[in-house]
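My plan is to look things up one at a time and jot down what I find.

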Amino acid sequence: RNLYSSAMRSALLHVGRRLRPLTPQLARPLSSKATTAHPFESFLSGNAGNYVDDMYAAYQADPSSVHASWKAVFARVDAGAPPGATFTPPPTLNAGASLRAAAVPATEMVGAKEASDSLKVMQLIHAYQNRGHNIADLDPLGIYDADLDGSMPMDLEIANYGFTEADLEKEFNIENVGASGFLASDGNKMKLKDILARLQQVYSQAIGVEFMHIWDFDQVNWLREQMETIDTFQFTSKERLRMLDRLARSHHFEDFLASKYSTVKRFGLEGCEVLIPGMEELLDASSELGVENVIMGMAHRGRLNVLANVVNKPMEHIFCEFQGTASPSPDDDFSGSGDVKYHLGMSHTRTTASGKKVNVSLVANPSHLEAANPVVEGKTRAKQHYAGDDERNKSMSVLIHGDAAFSGQGVVFETMGLSDLHGYTTGGTIHFVINNQIGFTTDPRSSRSSPYCTDVAKSIQAPIFHVNGDDVDSVARVCRLAAQWRHRFKRDVVIDIVCYRKHGHNEIDNPMFTQPQMYTAIKKQKPTLKIYSEKLQQEGVITAEATKQLSTEVVAGLQTKLDASRTYVPKKSDWLASNWKGMLPMNIQAQDLLTGVERETLLKLGTALTSLPPDLKPHKKVGELYVNRGKMIDSGKGIDWALGEQLAWASLLLEGNHVRISGQDVERGTFSHRHAVVHDQVNWPRKYSPLANIDPAQAAFVAVNSSLSEFAVLGFELGYALENPASLIMWEAQFGDFSNTAQCMIDQFISSGEQKWLRQSGLVMLLPHGFEGQGPEHSSARLERFLQMSDDDEDEFPERIGRQQQAQAANWAVVNVTTPANYFHVLRRQVVREFRKPLIVMSPKSLLRHRLVKSDIEDFLPGTRFHRYLADESGDLQPPEKIRKLVLCSGKVYYDLLAERTKRGLTDVAIGRCEQIAPFPHDHIQNEAAKYPNAEVVWCQEEPKNAGSWAYVRPRIITAAKAVREWVPTYAGRSPSAAASTGHASAHAAQQQELINKALS
């Protein structure tokens, strides 16, 4: 290392990374005798020059204001010392020499020697702050190293700084200007042995903290102060007894389940029972700081314990689930498919130790370990929005991870990447890591490349507390610190509880197959409850008899709950803890509501949407776009896609519904069509959104460009949509093709969440889709996948075919609409109706500016609604009985078919549009089969035969028409293909012409 990167970084950056100048910059160089920096004085050049000049000016004003080591340097400068003589580096800093080879000249003055030794001690202190965690006592089993490295870091050895055992009794000045903690500048001297003992006590016992990677000086100083002033942090006997009680409930809950349900998977918490008192300590501390809502997400390990002892889910209900009787009665509500007990969620208001009320929610999750993370963040952000909690003090996210998943799952990084973005931040998340020191059967050295499983958190400069899971007081302490950190700085923090997993991946798995050393040690390990109770007994906090009585009472209480569970009937409120008032389940028929808007209201909205402040200087083309939109409103003619969309949003906003759209480039729109946020071309920071300035009484409109993430951002918006039904929450993919990087969220949450967990969601996914010669990664949103996951029966003509009843029975709706008005209505339908379903929109690209894709204002007025199917109403067609072919299609291909039919002058071919593909419009197709008695039916699509709608619609067309006649569709489209489309423009054009010819011939 050169002198700057070692001496300056260790000695100077220790007092802060962003120091303000102490005095105005000197007008002359530090020494007029030196034209170039000597190798020993390289800190006088480059980026450090200004800093040293400022410090020299401070020294001239008051020599005591700078550190003794710098005082010696400046004294030599003033004495006219030649280059190389103002500073003699200590052994570890000698530029160009090995760490141990450099020697201090014998002629060095005594004061300089003391200064040099002080500097070395400061380096040692800095090393412990940086790397003390590497030698902390973290593994309860005593056989592993949490950082995968059992060696002693060189920079923690005193010999590395030229000290020997003989120096341990020497006293050193450790003042550190600007720092806090026990090393604060107070002029004290300490013996080297006492300094070492204190450093090891602070940084290398049951807590190892990583915080020196953080750039912010105030944050580093605060953490240093909290860690280094440990004498002021002591739990009272009352607090420790409360922690013992909580630990006993955690321990005996697992023991009780193990004894009663020994052959049932429950993914217990044994080996990390301390999580429960730690979390409860976090809740207590956070509530004192103003937190009222805690939204949690976690995988399956320990979930039942958390539900029981943290969320306070009724024990009777949990025991019911083990007996398989926990679903509500179908007569009272629909129960869905259900899910295994260790995936279910719950919401409950609990009382903290001080008597405050905190609502605690645990979101449902699949077995995809970290997939719930962004859902939790979105739900938290929504709670903050609706409560007006802009300071983010009242609602807080808590995520509980496993060690292998935290370092291995990409969604962890994607979610953390949202933590400080203005449209997504929740004011800091508390991350717990249940660090089993093992994956399923995989050792840490095979599951990660980083030293710690938590290293990903350094990317967002989060402090990381590693803590021994058998040290209850230390776990509780860092949980309190985490609550205070989050409250003060509104940033994420990680608590890495290094523990073990008593059983295998589940209770019936045998871990001795692959981890014999670990599980031999685990068999000999005392439970944490026994360790802590013995410790408190030794310290006189509790007697052995009282400890035994506590355990007896806890077990007796569990038995009472088990007995009660045999006759327990779960309440709907238990199952649907966040059931939305007024939202109907599928067994209660909703009203068929219209979605049109009064003309006067539309004109008012249109005026607001097309008006920009007179002093705003938009881009020329954007200004022209807004002028043209104004003409559409004034004439009531030719309303395009973007304006239709914004009229839907504006009308919902005026009715009091929050509207939010996020995704990559959504403010402008990938295809530069939306421009919902207008940027001033002169006053650069200034932006204006007409949708946010419609009416003083409107609800909030938010359009926010996201990070380049699909998985986390889609999950975030889903969580946001789960919070309140009076909202339209949308996620737009840059291209629909890219949505498959969020396939887990689509499969596990959006398509099946209501059926598994009884949670309705009105989330809208906007997926640009259409074959326009842009290649296989810019053509297809994989429509076929969404249709495959639709849960209607292809062989059944739905009896409940009404507009709402069929939609209520479905898991979601998939649409590929072709007019701005129909798009307007399908968006409004999401909010107006009395239930919520996800909406998947195959949104257009070229149709955004197509001359025929226009709607008149009459199509938006009262009495109008969304059309699931648009029949051919052309006046140029022959009578229905003379129509020889009905071509069914959806989306963009309709306009290609229409143009070719017009070009050929065909009057015996009708074209029908399935605007909603799923649930399938059986009733309309049945009517078409009767209307055209002599017509054959063709399904035309742009996608390959093994993609698109063909596999979904073919059997449903047959089912829809069978009451009229046998009507089997033929196919007109591209041939089967592994790639979504061709990458050659000429091949694309030829294929497109071929499918159009086949459809119309």
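Is D665 buried, exposed or partly exposed? I looked it up, keeping in mind that this is a predicted model. D665 comes out as partly exposed, because its relative accessible area is 32%, which falls between the 20% and 50% cut-offs. I found D665 in the loop between β11 (658-663) and β12 (678-679).

**Another positive phi**

I then turned to N312, which is not a glycine either, yet has a positive phi of about 65°. N312 sits in the loop between α9 (303-309) and α10. With a relative accessible area of 30%, N312 is partly exposed.

**A cis peptide bond**

Next I checked the peptide bond joining A918 and P919. That bond is cis, with omega at about -10°. I placed P919 in the loop between β22 (916-918) and α30 (922-931).

**Aromatic rings**

How many aromatic pairs are there? I got a count of 22. I took F163 and F172 as one of them: the ring centres are 5.5 Å apart and the planes stand at 65°, so I wrote this pair down as edge-to-face. The cut-off I needed for that was an angle over 60 degrees. I also looked up burial, and both F163 and F172 are buried.

Then I looked at Y261 and F322, a pair that is stacked. Here I noted 4.6 Å from centre to centre and 20° between the planes. Where do Y261 and F322 lie? Y261 is in the loop between α7 (237-260) and α8 (275-288), while F322 is in helix α10 (residues 315-323). The two parts are 61 residues apart in sequence, so this pair ties together stretches separated along the chain. Y261 and F322 are both buried.

I also found a cluster: Y56, Y59 and F74 are linked by ring pairs.

**Charges over rings**

Definitions and conventions:
Residues are numbered from 1 along each chain as its sequence is written. This is a predicted model: local features need pLDDT of at least 70, side-chain atom pairs count only at pLDDT 80 or more; totals for chains, interfaces and linings use all residues. Side-chain values use heavy atoms; hydrogens and water are left out. Rings of Phe, Tyr and Trp (its six-membered ring) pair if their centres lie within 6.5 Å; planes under 30 degrees apart count as stacked, over 60 as edge-to-face and the rest as tilted. Buried means under 20% relative accessible area, exposed over 50%, partly exposed in between (1.4 Å probe, protein chains only). Helices (H or I, at least four residues) and strands (E, at least two) are DSSP runs, numbered from the N terminus.
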